[in-house]
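My entries follow in the order in which I made them.

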Amino acid sequence: MPGLGTSFGRGGATTAQWDLQNAQCIVIEGSSMAENHPVAYRFVMKAKERGATIIHVDPRFSRTSSLADLHVPIRPGSDIAWLGGLINYVLQNDLYFREYVIPYTNAASIVSEDFEDTEDLDGLFSGYDPEERRHQVDTWQYEGQPVPAPGYNPVQLSTQEHIPQTESLTEKPIPRDETLQHPRCVLQILKRHFARYTPEMVAKTCGIPEELFHQVARVLVENSGRERTTAWCYAVGWTQHTKGVQIIRAAAILQLLLGNIGRPGGGILALRGHATIQGSTDIPTLYDMLPTYLGQPSAQKKHEHLEEYIQTEQSPTGWWVNYPKYIVSLLKAWYGDAAREENEYCFDHLPRITGDHSQLPMTMAIHDGEIQGLFLMGQNPAVGGQHAGFIRKALASLDWMVVRDGFEHETAAFWYASPEVRRGEMDPKQIKTEVFLLPAALAGEKDGSFTNTHRLVQWHDKAVEAPGDARGEPWFMYHLGMRLRKLYAQDPEPESIRVRQLLDLTWSYPLEGERQEPVVESVLQEINGYHVTDRKPVQSFEDLQDDGSTACGGWLYCGVMPEPGVNLARNRLPDPVEGPGTHRNWGYAWPSNRRILYNRASADPDGKPWSEQKRLVWWDPEQGVWTGNDNPDFPREKAPDYRPDWSRNPRGMDAHPGTAPFIMIADGLGWLYAPSGLQDGPLPAHYEAVESPVRNPLYGQQISPTCQVYHRPENPIHAVDDPAYPYVVTSYRLTEHHTGGTMSRWIPWLAEMQPEAFVEISEELAAEKGIENGDWVTVYTARAETEMRALVTPRIQPLHLDGRTVHVVAMPWHYGYIGLAQGDVANDLCSLVTSPNISIHEAKAFTCNLRPGRRANAENTPVGHAGNGERNQRS
């Protein structure tokens, strides 16, 4: 996630779930953690038992709120205004942790005199190009000292030509004023930027009463410093916005100012999804990344040759100086003996991306006939995708679609059971799409690993064989690959790139059993890495080389299998360490089994713990190493008093002083201000959702100026403060159902607990509309109408914004037209808009209307046809 990555250097959660029990305050925002991460929430409860204050910021009073000390109601989409108010409170009252902020963040760094803020440009930052709808970042840089974004950054797809040369980082230090008085030092820029985010503005924008704002602000400050720490937890309630990355950035700024990063009981816990979402980002199913955050080569950059690719992606200072070792080792793992220095290690075999190939642009390309075939594995976009009705119609433009899942779901059944078919908008006889439904093995029916929300790799073994023809992903991909290799071996142009891309791949995984299943641990061995000459495993990413002598499928996972037959992801040993309890012998956390990232910041600049209560790692002057209760996230032998010798043009980690905890960032500092790396600004600014019931009360710029709005006839967008759509709608998850419902809605007891779709509305809105609890309600936008039962509840309260009342409508998003528990698809209502940094959709804040009764075209007949239920049973 660029919000964490741009702020700290890595996109993963900075802390672990179990470390929450060491916090004195925990803020949960953008998540109903008790409902969606109940195992992790037990550590929140442990913290509460120890006296911690639990704060839940959410439009709904949920199970999480009921177990918190404070519930803060907030208008969906206004989080930056709220967080900006807290930042302003800390800055204006000089309540930041000065001893931490000056050495460990870029607060003292001086910014170019060409930089202009939103305060100067009424909601825009300097360098904005209205025709291209993007920023040139030259004016955002430090004074005379440009810096690259931390590691891989997708924003550079479109702005690479504006990223300045960075070799000057090895020639002189970044200009700083550690008195923090220079008018262009980052701290002073922050003060000016957030000055308008007053408690009064927060109340006007978010609907949070001023007295509640002050109560939370005091709690945060009182529970931060040498002796105490505060943790923040978030989930997709923050990410699924057009400014989601900047919401996370705002929390990161606050945590840096209060000294809560890299310390026990602090940090930011990104609550990832349940289906190893962290793992599928690390070893990615994303179009724009190679494994472990290396950039996919791009046709839009200077990526024709390996040397050019490295020059554009490598940072001359900080840990990313090792980029060549990681990409060359990856190419050796993928192409083996075919990858040699003289052919650039088969770098030409990697496809080049040509633009935004994320899900929404891909869906539109399918709709427009530009894509003929689709593999769909572990996803149900007919329920989970945005503007899902548009997606279902797009699928009808395919020639073929392969669906691998444990159950037939809505996407697989779109051609005969979708609402569009039932309403006569699509005719199955006219749909050309040939659907191949292949049964997939579930988690207990295959070996493998999960990488959970705090970067923890945990191995699981197969419990039972999958029934019938059901197979796991390794079996499917391996045997599909073998068949394709056999086919391509007969190609009349055997030396063409399209043939060599496949035939040069290393594909010799050992097989086992009657089904000839690939041994999955052999895949993990390849990811861990090995020495090419003797195939011995590498023990650390520090062993990797750029000369072709090492192979590694994912550098961050180096060390998970450090010896033959040893898989540390299997570890299940209790923690022998007294103190914070980092559980280093339970599973394996990347990188290098570090449980709390940036933990150099848990000690003061001299290397001593800030306090005995918050001891984690510290400098041992007698041994000359960093040691402690966690694996140090810092060069073990770099002393706190080390300073770069600029006369020698230091590179890599030699350019960082011994007081710089954020080793993945070019200057080694936590970024309060981001001079590179983001499309929408170096600082968070409050923009309204693309669809909003109010005008932006802070700036003339209404929405994020760089967000993507897809203007298509099928995608009408509501106007600002449109009286036809006066309510804010948001979606959420239920404990009883899992993601798109493919698995959970076929389970009888789960279907019984949450049998059908519903919408939560306040008692006041229900009275205004004449709706009783349990009535049918039609919720509609310009894109679709959905009907569901009304849950009239005081858990949602009307919000009072500057003299007007705004109602919030909330609905679970799991339901669809297949399975035992059914209902209209909540995501039918959404529009096709995405964030500028990561192309994520805006499902958590848009506008709608509602009326009592069923929708005009309601179908009252059972879904599907005879035999539908039988065909979906896994027995």
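**Entry 1: the antiparallel sheet.** I began with strand S14 (residues 456–460), which 2 bridges join to S19, the two running antiparallel. Strands here are DSSP runs of E with at least two residues, helices are runs of H or I with at least four residues, and both are numbered from the N terminus; two strands pair if DSSP finds at least two bridges between them. Within this pairing I found Val457 opposite Tyr588 in S19. The open sheet that holds them has 3 strands in the order S13-S14-S19, with antiparallel pairing. Strand S13 (448–451) and strand S19 (588–589) are at its edges with a single partner strand each, so one side of each has no neighbour in the sheet.

Entry 2: Residues are numbered from 1 along each chain as its sequence is written, and side-chain values use heavy atoms, with hydrogens and water left out. The pLDDT, which is the predictor's confidence in each residue from 0 to 100, averages 94 over the chain, and 95% of the residues score at least 70. I marked residues 154–165, where pLDDT stays under 50 and the model has 32 contacts beyond four places in sequence, a contact being heavy atoms within 4.5 Å. I also marked residues 860–875, where pLDDT stays under 50 and the model has 29 such contacts beyond four places in sequence. Where pLDDT is low, the predicted coordinates should not be read in detail.

**Entry 3: the parallel sheet.** I then followed an open sheet of 5 strands, whose order is S3-S2-S1-S6-S7 and whose pairing is parallel. Its edge strands are S3 (70–72) and S7 (268–270), each of which pairs on one side only, and the twist averages 15° from one strand to the next. Strand S1 (residues 25–29) is joined by 4 bridges to strand S6 (residues 230–234), and the two run parallel; Ile26 is opposite Ala231 in S6.

**Entry 4: helices on that sheet.** Helix H5 (residues 79–92) lies across S1, S2 (53–57), S3 and S6, at about 155° to S1; axes are lines fitted to C-alpha atoms, for helices over the stretch in contact, and angles run from 0 to 180 degrees between N-to-C directions. Helix H11 (residues 210–222) lies across S1, S2, S3 and S6 as well, running at about 125° to S3.

**Entry 5: H5 against H9.** Which residues make the contact between H5 and H9? I first noted that H5 and helix H9 (residues 186–194) pack at about 125° with their axes 9 Å apart. They are therefore oblique to each other, since angles under 35 degrees count as roughly parallel, over 145 as roughly antiparallel, 65 to 115 as roughly perpendicular and the rest as oblique. The contact is made by Gly84, Ile87, Asn88, Leu91 and Gln92 of H5 with Leu187, Leu190, Lys191 and Phe194 of H9.

**Entry 6: H15 against H16.** Helix H15 (residues 306–313) packs on helix H16 (residues 323–335) at about 140°, with their axes 10 Å apart, and the pair is therefore oblique. Among the residues in this contact I listed Tyr309 and Glu313 of H15 and Ile327 and Leu331 of H16.

Conventions
This is a predicted model: local features need pLDDT of at least 70, side-chain atom pairs count only at pLDDT 80 or more; totals for chains, interfaces and linings use all residues.
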